Amino acid sequence: MKELGPLIHSFWYLLRGAGMTVLMATSAVVPATLLGVLLALLHVFGGWLLRSAILGYLFLIRGIPLLVLLTFVYYLMPLTGIDLPPFWGVVLVISLYYAAFVSEVFRAGILSLPQAQWDAARSLGMTRRLMLQIVVLPQALRLSAPPYVSLCVSLVKATSLVSIVGLWELTMASREVVERTLAPFQIFIGAAAIYFCICYTLALYGRHLERRVLLGH
Amino acid sequence: MEDTLNDASSLAIELAPARQRRPMLEIAGLCKSFGALEVLRDVSVVVSPGEVVVVIGPSGSGKTTLLRCINLLEEYERGTIAVDGEPIGYRTDGRSGRRARMSEREIARARERIGMVFQSFNLFPHMNVLQNIVAAPVRVRRIERRQAEARARELLAMVGLSDKVAEYPIRLSGGQQQRVAIARALAMDPKIMLFDEVTSALDPELVGEVLAAMQQLAGDGMTMVVVTHEMSFARDIADRILFIDGGVIVEEGKPDQLLFAPQTERVGAFLKRYNDRYRI
């Protein structure tokens, strides 16, 4: 029990770090989702120019590690004169990064909808916009919900990378405590447990969604 | 009918009756190909209001494609299609003869009054039965929701599904889903109904309930074009049968004549094969 002392003493501090992690993840997941849905729609329904632009963006993002991108933007920002608080800077980078993956998930959802659903909607005189609104998107979003939740889990874990560029959140807080207490194992086991609780809760929710999707609604 | 239409003077004098007798569906010189494969070759069909036309023929003959061209689920390369006098899909300029595609909005408007029922039902799985039926009347035709729901309940009663209003499609049998699909198409108050092999995906014991609903619809005077493999049903319901093979109408006639005394060898051979298998 004595070995756990450093962890117990600093647990509240770690929890505050976790709060920051959650705040950062939530701030990033909203724009990532909105932009992802938009990109997916434009990718499926846009003209060739738009589609190739999006395709290029996807290739780029898929080929670059988030850590490299974060560091790059960290050094780039002062040069461009954009004066964004570091928190919003990394939120922006994570959003843009994850938007690419979200768009792929939603695009798969849209494409996996059987042609027959389109036929039925068209035969009822629906315009494309109405079809999207009441037939295609509600189903596509439902179909993509489970993989979308696993993306969210991955996003939460990705926020740990921002400690490299000096932002304070759970991983950064843990490193600080380790430097003070010289008890890396206890502290990082604690941090891992906190990450696990956040992500596992999300994953459980994803499993619940998946079951609902399989049942039809 | 044709003489009235061709006779300009009687048209002028008796405009109202002439309009009544205007064909509900008029397909002229329809050609359609998928790449190099010609699926429909110069097909012309005229269907009068209230007439039930059944289309039969071997698979791959172009029956379904013909049906799907009528509400432009398939594009076509040549020919014209008009429903109740309104062209759908393409307009041909009388003078220059240039063919122009109608706008998406115009096409959507034209589709509103053409009901279609599909082989695989195609209900919207995320909506319950009532929502499936009222979605298009409310959102497309802008009918007041309460009124649309009342009409939906009437239609469900007609197809014998009053107790399934709140069910989701996944909880219904194939036959029930197909009857909901019929009600959904009827809720748009269509001028003509298209049926695309609507019993092919059903268990044999469920076929009857769907055919009964169609029979009733025909009895109520609905104009119908029916693609089917159910020969005995075709005989019962059809005013006229078209036999299509290789993208052309090989033969057409009254059911008894076409099914029991076909004029062409092709139809005779098809029916013989069919009879050997199913013994109607």
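This is a predicted model: local features need pLDDT of at least 70, side-chain atom pairs count only at pLDDT 80 or more; totals for chains, interfaces and linings use all residues.
Biologist: Which residues make the nonpolar surface patch of about 450 Å², and is L96(A) buried, partly exposed or exposed?

Modeller: L96(A) is found in helix 4 of chain A, which covers residues 86–111. Its relative accessible area is 37%, and because patch residues need over 30%, L96(A) passes that cut-off as a partly exposed residue. The patch is made by I82(A), L84(A), W88(A), L92(A) and L96(A).

Biologist: Is S163(A) buried or exposed, and which residues is S163(A) in contact with, leaving aside neighbours within four places in sequence?

Modeller: S163(A) is found in the loop between helix 6 (128–158) and helix 7 (170–181) of chain A. With a relative accessible area of 3%, S163(A) falls under the 20% limit and is therefore buried. Leaving aside neighbours within four places in sequence, its contacts are E169(A), T171(A), M172(A) and R175(A).

Biologist: Which residues have the most contacts inside the largest nonpolar core, and which helix gives the most to this core?

Modeller: The largest nonpolar core has 55 residues, and those with the most contacts inside it are M126(A), L25(B) and L30(B). The most is given by helix 6 of chain A, with 8 residues.

Biologist: How many residues apart in sequence are the parts that D84(B) and R22(B) tie together?

Modeller: The side chains of D84(B) and R22(B) meet in a salt bridge at 3.2 Å, N to O. D84(B) is buried at 16% relative accessible area, whereas R22(B) counts as partly exposed at 30%. D84(B) lies in the loop between strand 4 (78–83) and strand 5 (86–87) of chain B, and R22(B) in the loop between helix 3 (15–20) and strand 1 (25–34) of chain B, so the parts they tie together are 62 residues apart in sequence.

Biologist: Which helices of chain B hold E209(B) and R179(B)?

Modeller: E209(B) forms a salt bridge with R179(B), the closest N and O atoms being 2.9 Å apart. E209(B) is partly exposed, with a relative accessible area of 25%, while R179(B) counts as buried at 10%. The pair ties together parts that are 30 residues apart in sequence, because E209(B) lies in helix 9 (residues 204–219) and R179(B) in helix 8 (residues 174–186).

How values were computed. Residues are numbered from 1 along each chain as its sequence is written. Chains are lettered from A and ligands numbered from 1 in the order in which they are written. Side-chain values use heavy atoms; hydrogens and water are left out. Patches are made of residues with over 30% relative accessible area and no salt bridge: like charges are joined within 9 Å, nonpolar side chains (Val, Leu, Ile, Met, Phe, Trp, Tyr) within 5 Å. Accessible areas come from the Shrake-Rupley method with a 1.4 Å probe; for residues, only the protein chains shown count as cover. A salt bridge is a side-chain nitrogen of Lys or Arg within 4 Å of a carboxyl oxygen of Asp or Glu. Helices (H or I, at least four residues) and strands (E, at least two) are DSSP runs, numbered from the N terminus. Buried means under 20% relative accessible area, exposed over 50%, partly exposed in between (1.4 Å probe, protein chains only). Contact means heavy atoms within 4.5 Å. A nonpolar core is a set of buried Ala, Val, Leu, Ile, Met, Phe, Trp, Tyr and Cys residues joined through side-chain atoms within 4.5 Å.
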